Structure formats: structure tokens, C-alpha cells
Amino acid sequence: MAYDIRMVKIVTGEIVIAKFDAETNMLNDPAILQTIPTQQSVQMMLMPYGYPFENAFSGAISNSHVLFSYKNCPEELKTKYLEACSNITLASGGLGGLDLKGSGASSSVSGLLRGK
């Protein structure tokens, strides 16, 4: 199932990423996007909106509480959000980026199937 993942700023000033439900006009399973400054740059962390009292991504926020909706949400951020909500790691490309070259294993699928 494809979700309409949105990144928004709500009336409390927090940046939230959530699954938008057009039928109910709600943001479901919201996560707060925290920025943490480091010496080299800034890191981003996703936490359940109810943290520390709720450790699961649950609940809903009415879309009427949205001040600003970001035009684009980075794909990597969407992937990390979906992984955090589902506890399933989403692989990208083929065998999850498995590099078989130079490891002594065959780099072709047919070679893998034959056991070479």
C-alpha cells in the first residue's frame, strides 16, 4: 500500500512527518523530526510524537493544525520513517545492495542458483 507521506510544521512549531489520510483530513502515525547539531553538520532523528510516554508511532493530528506543508519530503527520510513505523528494513536495489563482486561468490544470479 502506498502512503501519502507528508512533512509539515504544526502550530506548536514542531516539524512532523506522517501518513496523510485525505478522507479524514488527518496526519496518522506522526513522528517528530529532531535536528541535532554536530561538529561537522546536523543529524536528524525521528521519534514518535508521543515520546517519551509512547514509544510506538501511533495517534493522529488534525490537518487543521498544520501551519506549513513542505513541498518535498526527501525519499531517504520517507524510507526511514516507514522503517521506524513498521520495524521492517526497506532494501533498495536488487539484493539490498549486496556486493558479491570480489568476495569469491558468483556475481550472476544463475551462478548463485547453481551453487557456483
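Mentor: F57 is buried, and so is Y81. Keep in mind that this is a predicted model, where local features need pLDDT of at least 70, side-chain atom pairs count only at pLDDT 80 or more, and totals for chains, interfaces and linings use all residues. Residues are numbered from 1 along each chain as its sequence is written, and side-chain values use heavy atoms, leaving out hydrogens and water.

Trainee: What makes a residue buried?

Mentor: Buried means under 20% relative accessible area, exposed means over 50%, and partly exposed lies in between (1.4 Å probe, protein chains only).

Trainee: Then why is L67 called exposed?

Mentor: Because its relative accessibility is 60%, and the cut-off for exposed is over 50%.

Trainee: Why is the pair of F57 and Y81 called edge-to-face?

Mentor: Rings of Phe, Tyr and Trp (its six-membered ring) pair if their centres lie within 6.5 Å; planes under 30 degrees apart are stacked, over 60 edge-to-face, the rest tilted. F57 and Y81 are 6.3 Å centre to centre with 85° between the planes, so they qualify as edge-to-face.

Trainee: How do you know that the charged end of R6 sits over the ring of F20?

Mentor: The rule wants NZ of Lys or CZ of Arg within 6 Å of the ring centre and within 35 degrees of the ring normal. For R6 the distance to the centre of the F20 ring is 3.8 Å. K19 sits over Y3 likewise, 4.6 Å from the ring centre.
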